Amino acid sequence: MTVAVVAASALMPLVVGVSAGDRTSPVRVFFDVTGERNLPTWWNSGLLMLAGFLSLCVGVPIAAAVLLFAWFAARLLPRPSRVLLAWGLGIFFAGAIGVEALTGLLLPQIGLGSPLYVALYHVEEFLECVGAGVLCVMPLSASAVERIPGSGLRARWLPLAPPAASPSASGAPPAVDSSGDHQR
């Protein structure tokens with residue numbers, strides 16, 4: 001159908017004898033792909049709405065699965081990494097969602113060229129960049145560099161966070177013997 005819409009834009013003026021420079025002809029106005037409020041625009045708008053709907057139907061479950069996986073995986077990270085992950089995501093989304101939503105709400109009152117609009121989109125981009133930067137250094141917080149006498153430096157990963165201990169049925173913490181091992 002898209003090919004038909006573009007073909008109609010190119011061929012219809014030729015078929016009915018409208019010159020290429022005549023922008024006032026009803027045929028040119030209704031079929032021309034460079035115009036607005038006409039058949040090509042309506043067709044493209046419909047395609048975009050369909051694509052958006054399908055993206056939501058497919059994208060939301062995938063995004064939920066990725067977030068769920070990330071949440072479970074992040075629980076195993078060392079504490080400094082978890083803290084940086086939370087801060088990085090929080091700062092990034094404060095800009096990407098918070099400041100951008102505020103800008104969208106204020107835009108009808110302040111206008112595109114206003115100093116407040118310019119300041120808001122700079123704050124939004126700044127927060128997104130800072131959040132992304134924190135997320136980039138987050139993996140480094142899970143590593144350590146050690147000096148080894150006689151052989152130089154060694155990089156290693158910090159141990160994963162221990163899984164949360166489940167309390168006993170009575171709610172009391174597990175007993176620990178003299179060696180420091182937990183008893184069951």
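Guide: A residue is termed buried under 20% relative accessible area, exposed over 50%, and partly exposed in between (1.4 Å probe, protein chains only). Helices (H or I, at least four residues) and strands (E, at least two) are DSSP runs, numbered from the N terminus. The model is a predicted one, in which local features need pLDDT of at least 70 and side-chain atom pairs count only at pLDDT 80 or more, while totals for chains, interfaces and linings use all residues. Residues are numbered from 1 along each chain as its sequence is written, and side-chain values use heavy atoms, with hydrogens and water left out.

Buried in α5 are Y117, L120, E124, E128, G131 and V134. An α-helix has 3.6 residues a turn, so residues three or four places apart point the same way. The buried residues of α5 pack against α4, where contact means heavy atoms within 4.5 Å.

Helix α4 (79-110) also takes part in the second largest pocket: together with α3 (39-74), α4 gives two or more residues to the lining. A pocket is found on a 1 Å grid over the protein atoms alone, as an open set of points where a 1.4 Å probe fits, with protein on both sides within 12 Å along at least five of seven lines; lining residues have an atom within 4 Å of a point. The lining consists of L67, A70, W71, A74, R75, R82, L85, L89, F93 and L135. By class, eight of these residues are nonpolar, none is polar and two are charged.

In the chain as a whole there are five helices and two strands, and their order along the sequence is α-α-α-α-α-β-β. Of the 184 residues in the chain, 18% are buried. Among contacts between residues at least 6 apart in sequence, 39% join residues at least 24 apart.

The two strands, β1 (residues 143-148) and β2, run antiparallel and are joined by six bridges; strands pair if DSSP finds at least two bridges between them. I148 stands opposite G152 in β2. Three residues lie between the strands of this hairpin, and G150 takes a positive phi near 85°.

W157 belongs to β2 and is exposed, with a relative accessible area of 62%. Leaving aside neighbours within four places in sequence, W157 is in contact with P139, A142 and S143. L140 lies 17 residues from W157 along the chain, and their C-alpha atoms are separated by 8.9 Å.

Elsewhere, V27 is found in helix α2 (residues 26-31). V27 touches M12, P13, V16, V18 and D32, not counting residues up to four places away in sequence. V27 and M12 are 15 residues apart in sequence and 7.1 Å apart in space, C-alpha to C-alpha.

Terms used: Nonpolar A, V, L, I, M, F, W, Y, C, P; charged D, E, K, R; others polar.
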